[in-house]
Amino acid sequence: MAIILKSPGEIEAMKEAGRLSAAVLREVGARCVPGVSTLELDEFAEDYIRSHGGTPTFKGYGGFPGSLCASINEQIVHGIPSSTVKLKDGDIISIDIGATVDGWAGDNAWTYAVGKVSPEKKQLLKVTEECLWAGISAARPGNRLGDIGHAVQSVAKRAGMGVVRDYTGHGIGRDMHEEPLVPNFGFRHTGIKLEPGMVLAIEPMITLGTHRTHVMRDGWLVVTQDGKPAAHFEKTVAITEEGPVLVSVEPDRKRPL
């Protein structure tokens, strides 16, 4: 399947979905407190997205039942929201969420601390976010796909943390998952050349232990094989002549790249 390049006008159109997906992620993150259930977070997210003119990208995707993925502690990705799963003080939770506006998909994720978390978990969140920004900074014309993965992997390796290999970032556009796959590991100057018009969801998944994963019996939830915590951060990024441009971002919350 070919990589679908987007025009500058299409990238601007994608920003509407990006703004909404970023806004709902922030609002859900503020509600990640002890005692709340992941289903409550999901219901809030769906209502927020629909009331702001979008549709939940995840709901029904491949049969997924929720509007967001809620993955706690050793859970890496694809946690199904549940009324029986309630957040506890000391948890970390990855919220992965998307909104579709005018046919364009937005996709982003963040891992939040619930109450007071351990120093090890704080460091995991810090390093994983650093991995995200390192990967984004490498998403420049003339670089190659391996430069993104190498940038992510280098940050994690220096911190002595694991990089999940079984799940990757991806291209995004009118479909949530497009070519190419965007691994969080690799070698510099390898892989396809990055071109203006590519739009990528860059999403490091980093662990405090092994990179090996296990899929639970529901067929969705992915956990670390050794039961140690994992974190997951994601932004949608457009590659332009001027460099990487954040697509899933609110206007007042941009970070210089």
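## Lining of the largest cavity

The largest share of the lining of the largest cavity, three residues, is supplied by β8, in a predicted model where local features need pLDDT of at least 70, side-chain atom pairs count only at pLDDT 80 or more, and totals for chains, interfaces and linings use all residues. Residues are numbered from 1 along each chain as its sequence is written, and side-chain values use heavy atoms, with hydrogens and water left out.

One cavity of 30 Å³ or more is found in a search of the whole structure, and the space in the largest cavity is about 30 Å³. A cavity is a set of points, on a 1 Å grid over the protein atoms alone, where a 1.4 Å probe fits but cannot get out, and lining residues have an atom within 4 Å of a point; a volume is the space filled by probe spheres set on the points, which are joined across faces, edges and corners. Among the residues of the lining are Ile-3, Ile-4, Lys-6, Glu-178, Glu-179 and Met-198. By class, the lining has seven nonpolar, one polar and three charged residues, where Ala, Val, Leu, Ile, Met, Phe, Trp, Tyr, Cys and Pro count as nonpolar, Asp, Glu, Lys and Arg as charged, and the others, Gly among them, as polar.

Met-198 is located in the loop between β8 and β9 and counts as buried at 3% relative accessibility, buried being under 20% relative accessible area with a 1.4 Å probe and protein chains only. Met-198 and Ala-238 lie 40 residues apart in sequence, yet their C-alpha atoms are 5.9 Å apart in space.

## The largest pocket

The largest pocket holds about 410 Å³ of space; a pocket is an open set of grid points with protein on both sides within 12 Å along at least five of seven lines. It is lined by 24 residues, of which His-78, Thr-168, His-170, His-177 and Glu-203 are the closest to its centre. β7 (169-171) and β8 each supply at least two residues of this lining, and the largest share, four residues, comes from β8. Twelve residues of the pocket lining are nonpolar, six polar and six charged.

## Strands and their pairing

Three strands, in the order β3-β12-β11, form an open sheet with antiparallel pairing, and its edge strands, β3 (75-77) and β11 (213-215), each pair on one side only. Two strands pair if DSSP finds at least two bridges between them, and β3 pairs with β12 (residues 222-224) over two bridges. Gln-75 has Val-223 in β12 as its bridge partner.

Strand β2 (residues 68-72) is mostly covered, with five of its five residues buried. Leu-68, Ala-70 and Ile-72 point one way from β2, whereas Cys-69 and Ser-71 point the other way. β2 pairs with β4 (residues 92-101) in the antiparallel sense over five bridges, and Cys-69 stands opposite Asp-96 in β4.

## Cysteines

The structure holds zero disulfides, a disulfide being a pair of cysteine sulfur atoms within 2.5 Å. For Cys-32, the closest cysteine sulfur is that of Cys-69, 13 Å away, which is too far for a bond. Cys-32 is buried at a relative accessible area of 4%, and Cys-131 is buried at 0%.

Terms used: Buried < 20%, exposed > 50% of the residue type's maximum accessible area, 1.4 Å probe, protein only.
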